[in-house]
Amino acid sequence: MASVSYHISNLLEKMTSSDKDFRFMATNDLMTELQKDSIKLDDDSERKVVRMLLKLLEDKNGEVQNLAVKCLGPLVSKVKEYQVETIVDTLCNNMLSDKEQLRDISSIGLKTVINELPPASSPLAANICKSITGRLTNAIAKQEDVSVKLEALDILGDLLSRFGGLLVSFHSAIQTALLPQLSSPRMAVRKRAIIALGHLVMSSSPKLFSDLMDYLLTELSANSNSSTTRTYIQCIGAISRQAGHRVGEHLERIIPLIVKFAKIDEDDELREYCIQAFESFVRRCPKEVSQHVMEIIQLCLQYICYDPNYNYDSDEDDDAMDADEDDEEQEETDDEYSDDDDMSWKVRRAAAKCLDAIVGSRHDMLSEFYRTVSPALIARFKEREENVKSDIFHAYVTLLRQTKPINLGFFDPDAMEDEEGPIAMLRLQVGDIVKALHKQMKEKSIKTRQGCFTLLTELINVAPGALADHIPAMVPGIQFSLGDKNSSSNMKIDTLSFLNCLMINHSPQDFHPHMPVIVPPVVSAVGDPFYKITSEALLVTQTIVRVIRPLDVSTDFDFSTYVMDLYSCTLMRLKAADIDQEVKERAISCMGQLICNLGDHLKSELNMCLPIFLDRLKNEITRLTTVKALTMIAGSPLQIDLSSILVKGLPILAAFLRKNHRALKLSTLGALDILVKNYGSLLTMPMIDGIMAEVPPLINESDLHISQLTLHLLSSLCRVHPGSTMKLYDEILHEVLVLIRSPLLQGGALNAMLEFFQAIVATNTPKMGFKDLLQLLTTPVYSPSETTQPPTSLFAVHRQAFHSIAKCVAALTISCAGEGSGVVNQFVNDVKNPKSTDSIQLFALLSLGEIGRHVDLSGHAELQKVIVDSFSATSEEVKSAASFALGSVSVGNLPQYLPFVLNEIETQPKRQYLLLHSLKEIITSQSINASSVEHLKPFVANIWSMLFKHCECPEEGTRNVVAECLGKLTLIDPESLLPKLKDCLQSDSHYTRSTVVTAVKFTISDQPQPIDPLLKLCIQEFLETMKDPDLNVRRVSLVTFNSAAHNKPSLVRDLLDAILPHLYNETKVRKDLIREVEMGPFKHTVDDGLDIRKAAFECMYTLLDSCLDRLDIFEFLNHLEDGLKDHYDVKMLTYLMLVRLSTLCPPAILQRLDRLIEPLRTTCTTKVKANSVKQEYEKQDELKRSAMRAVNSLLSIPDSDKNPLLNEFIAQIRSTPEMSAMFDGIQKDSTLTSSDSFMDTS
């Protein structure tokens, strides 16, 4: 401490020197000291440093003054509060000084101090702000000197921006001081007053805000002079931008006034401010502005054409394409037109930006936009002012982006056929767009050309193939921008990127006539010295190769003239070692494509370029790209000769399998599989041994995708080189048998496993014949050991493993037809044998089912009886397996088994549930393809009538299976069965109605189905059951609606207006559904309405993803607010919705923030009762975490940090150590998650 004080006093002494350099250096050293975190000053040093720095603010030397001001920043956090007050007091006094330089430097000092004050929660900030505010308010209200007033307004703006919430007691005085400044003769004073008011309204009270709006509207109505009218409109726009959620309630009074002023002639500036105000209303008050949107659009469309000093007709061209007067192009204007006073371009720019805001925020009006806004914007592409043109392009790009989700966000079978749909309307306007742009693509202005390419790229993304008829009009513009004289580097890159997008999204034949003009500039760009151009050009070259010779369709285009040009320019880049990595990788990919598509024309060149691939394979940076390129070449139908690199290349590829690089392993396995299939004859035993040695570690449950590809590779090896199968026996087969017992094995990996066993058994290798493999597979079930049996399980292997092993046994049995009979008899005996364990019976039944699905087992007389007897087993698992087996065996011979199953369902009520599951298995298996459906059709009528007898079953589990069977049957013959389902909605039995509605859920999938158009016509009648008097029927109706909204939104999008009121009605807590149950001495409350409320909130969550554009988000939020105060399960759902909404529609959330915070605060501050069980603590903890995730997402909304209630809540969280630690963890997790989403997850 003493040494610091000594050092500081030395510096202070030097600061009094008469030499300005000494003073400068000493102040600089003090700055360095103050920036150290460790520095601690005693009271005396503090006082001296403060006094000296304030004195130096009046130094004669400007550089010393500047340094002294900079020192104030770090000093604020190092000295006690009363010293900071001294600093602030002195600076405020200096602000009123006669010396201009001292005023300026003190103003900078005050801003520095305000920026360095600790956060709003500290008492220091509050006291300092209060001491400054009064002085500033006085200076603004009473000061004659305009420069002082300007500085005071500036500082007040900073103060309100950071600490508005602390100054509540001053808000009224501040507003009173600021309002007269709006009519100041100095425009600068007005502008700064507007900025300060903008910051003030973020935290002012509702009454004060209302007074402010009343004042502005009264002054506007009076319209005493045009200058102040402009200012008041600017002020309303600024307030709307800062606190739009508060302006909404006053909008009905504001908009008519601003519309009136927008129509006043001869005042372009006023008109610009009016349109800017409209833009801020559209962005910040989306609900309240809704009824005025059409009026605003009409005004914008009128003023986007407002150019009174220019005659566009003079630019007309004689070109036939431009005969239509509305769409003629804008030629480059000569210098004879110049009017510096012409401000009309600002009006047009404001109109374009306002249209941009409307289009970007009103997804529900898309069709209307294509009728009115789109043609008007296209007609204005001829705009002469470059900045305005850029904004018009941007507005059109926004329109295109708004169109994209409806087409691509989910499967909508009607999107393309619907002539009224936005995409269809856009396609009709493509010709006008091209006509308006094609000449501009040759303009000198680079910004204009880049705008054209951005717009056209977006158009292609929204409507692929839309430019197919207009490619001849595109090519000259592309050629022009690729020329060296006309373009910057960025222009070339944008042009190449557009050309690539154009070729990828259109048919190759469309480009064949234009190749003579496209190829030369692209080849030239590959040789460009700038690496980014080269990289983009190589990408285009790769696409050109696919275009000139597509391998999937035959064309008569003569591509031979281009082969050597494309090859030579790519080879030059492939050879170069000293180039950017991106260029290296794209050169490798491009050469791979060249050899894949044109290799038969490059035979003489292969010895030159293939060895380069070997070199790139050895390089860690380029090896992954090279593996992908080799995969492409090896899979080429041209059968490229790779013998020159296989001997050296294969061992390198095999070595990659042991690298800790997942993407590399995946690509390498794919490459090896293709090489084995297509070049098997060239592989030698040492090569295969090298691959086999690396395989065992890859087969495990930790990465099923790698296991799947490895099994595919092994299957290919067994087929191509049967002699190599013996090498599998030891290590590899052991790993496969471990994997088959994994509970995780399913899907693609399981199918690869079946293919693998069928490939092995077909090789007839010793020790790996049918019986050997069967024994290896079944040993863990028949003779479980400690290594194979799960530690806590009653069964020999995991439940999923029974299914996996049974499928493998069936695959082997089907491959070796001669062995089938003996195996089936063995399994039948195992099921009959009373000494068999549950595991053996379970496995035998599953195996019989899997075999019977593919082979007719009706010849085994005992089979049917044995399976049905197993329905009486003691183990539930064995019963379930028997049900599966009966259903699967029936698939092998429907005429024999299906009538038996139907009869059993009728005559065996105790086994009904299991028999219905058998029936479900039959229907599911028979629905896979058209031929199996034909086999089932003769029985559909019988099954249907039998199922309807069981709709009345009081057991809900049974009714659900019946519903699933009905739904899947309906998919087989929708024309006749769907009307029958619909008729049953009139049934008096609520059980039947709930079964029918549930059945509809099983007809909806995320894939296109023949039933979709029929379902769309009648789904409203099924969903009418949301009004059903029975609670359970209403609940299943909501579940069905949720399934439709999630899997096929097009079914319900147009019905939302009718459905949503009933959906929202089910989100309310109903007192009549809450009852008390006595449990001994305790009373327990049961809420029968909870399940239906959860179903309703789940529907709301789904609608956010699939139908957001059809929701009135404010009505939605009303019901979400109710959910925030509901039961635990409902709260968890509403918190998830809040997180989604914070991203999807932040302005609406901002508007409702005050109402959302209180329920979140209640959850976060609730304490669990002292005698509660552990689960109650965990439940409350998880609820708090979810609520805090919602709070964290609210904080991510722009301007939410200005909300006083939210700031107060955050301060409350920070003041509680436990809550603060939890919140910090959540913020850290969310940061990690968002950064992970940008990472390569391969």
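Predicted model: local features only at pLDDT ≥ 70, side-chain atom pairs only at ≥ 80, totals over all residues.
**View 1**
Of the 1242 residues, 54% count as buried. Take the contacts in the chain with a separation of 6 or more: residues 24 or more positions apart account for 73% of them.

**View 2. The hairpin of β1 and β2.**
Strand β1 covers residues 1074-1079, and strand β2 covers residues 1082-1087. The two strands run antiparallel. Six bridges join them. Two residues lie between the strands. In this hairpin, G1080 takes a positive phi near 65°.

**View 3. Helix α39 against helix α41.**
Helix α39 runs over residues 838-854, and helix α41 over residues 876-892. Their axes come within 7 Å and cross at roughly 15°. Angles under 35 degrees count as roughly parallel, so α39 is roughly parallel to α41. The crossing of the two helices is left-handed. On the α39 side, the contact is made by D838, Q841, L842, L845, L846, L848, G849, E850, G852 and R853. On the α41 side, E877, V878, A881, A882, F884, A885, S888, V889, V891 and G892 make the contact. By class, this contact has eleven nonpolar, five polar and four charged residues.

**View 4. Helix α15 and the helices around its buried residues.**
Helix α15 spans residues 293-303. Its buried residues are V293, I296, I297, L299, C300, L301 and Y303. Which helices do the buried residues of α15 pack against? They pack against α13 (251-262) and α14 (268-284). They also pack against α16 (344-361), α17 (366-371) and α18 (373-379).

**View 5. T541 in helix α25.**
Helix α25 covers residues 531-548, and T541 has its place there. Is T541 buried or exposed? T541 counts as buried because its relative accessible area is 0%, and buried means under 20%. Leave aside residues up to four places away in sequence: T541 then touches V522, V526, L566, T570 and C590.

How values were computed: Residues numbered from 1 in each chain as written. Heavy atoms only, no water. Pairing = 2+ DSSP bridges. Helix = DSSP H or I, 4+ residues; strand = E, 2+ residues; numbered from the N terminus. Axes fitted to C-alpha atoms, helices over the stretch in contact; angles between N-to-C directions. Parallel < 35°, antiparallel > 145°, perpendicular 65-115°, else oblique. Left-handed = near helix turned anticlockwise from the far one by under 90°. Contact = heavy atoms within 4.5 Å. Nonpolar A, V, L, I, M, F, W, Y, C, P; charged D, E, K, R; others polar. Buried < 20%, exposed > 50% of the residue type's maximum accessible area, 1.4 Å probe, protein only.
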